[in-house]
Amino acid sequence: MNGSMWEGRGDLADVVTSDLSRRLSTATVLFHHAVAERLGLGPADHKCLDLLYERGAMTGSELAAITGLTTGAVTGVVARLEKGGHLTREPDPRDGRKQILRPVFDASPEIAEVFGSIRDDAAGLVAGFDDHELAAIAEFISRSIDFSYRRVVIMRAEAISRAKEKDHDR
């Protein structure tokens with residue numbers, strides 16, 4: 001969509017931060033469900049593996065804290081990813097009761113194939129944008145990531161607070 005299609009900055013900013021962002025979020029969730037399905041993974045497994053690729057080795061409790069999954073759910077995710085050869089576990093040198101989860105980057109040629117194809121197809125998304133426009137897009141995406149993680153923390157804190165209030169009222 002071209003900025004000239006909108007009456008003014010306020011209208012465009014509202015469309016970007018409401019309708020388009022909501023639609024992009026839905027499309028992204030559906031896209032990643034399809035990627036997970038194509039790779040024979042569950043959506044939570046796929047995104048946990050993605051977090052390990054992005055952030056590097058971590059404990060299961062750290063992964064649970066980031067994702068909001070219970071430690072029991074993370075145990076299942078880890079078992080499935082380990083069985084599929086996507087990660088390894090080793091004892092945490094600081095706490096022998098914990099394990100460090102390490103992604104195996106070359107475990108699946110299928111992952112490289114799927115994401116290589118996606119990357120090739122996605123290259124067309126940025127065709128025609130100049131360097132200034134690409135910098136603006138990159139800045140918006142970076143801010144959106146920070147915004148999303150910040151809102152996750154806020155919403156989880158609110159949920160915990162509400163749960164404590166309900167328990168207190170009983």
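A residue is called buried here when its relative accessible area is under 20%, exposed when over 50%, and partly exposed in between (1.4 Å probe, protein chains only). The structure is a predicted model, in which local features need pLDDT of at least 70 and side-chain atom pairs count only at pLDDT 80 or more, while totals for chains, interfaces and linings use all residues. Residues are numbered from 1 along each chain as its sequence is written, and side-chain values use heavy atoms, with hydrogens and water left out.

With a salt bridge taken as a side-chain nitrogen of Lys or Arg within 4 Å of a carboxyl oxygen of Asp or Glu, the count comes to eleven. One of them pairs glutamate 113 with arginine 38, with 3.3 Å between the closest N and O atoms. Glutamate 113 belongs to helix 5 (residues 109-122) and arginine 38 to helix 1 (residues 9-38), so this pair ties together parts that are 75 residues apart in sequence. Helices (H or I, at least four residues) and strands (E, at least two) are DSSP runs, numbered from the N terminus. Arginine 38 is partly exposed, at 41% relative accessibility.

A further salt bridge, at 2.8 Å from N to O, links arginine 80 and aspartate 45. Since arginine 80 sits in helix 4 (residues 71-83) and aspartate 45 in helix 2 (residues 43-55), the pair ties together parts 35 residues apart in sequence. The two partners can be set side by side: arginine 80 is partly exposed at 46%, whereas aspartate 45 is buried at 5% relative accessibility.

Just after helix 4, glycine 85 adopts a positive phi of about 80 degrees.

Strand 2 (residues 87-92) and strand 3 (residues 95-103) run antiparallel and are joined by six bridges, where pairing requires that DSSP finds at least two bridges between the strands. A hairpin of two residues connects strand 2 to strand 3, and glutamate 90 has isoleucine 100 in strand 3 as its bridge partner.
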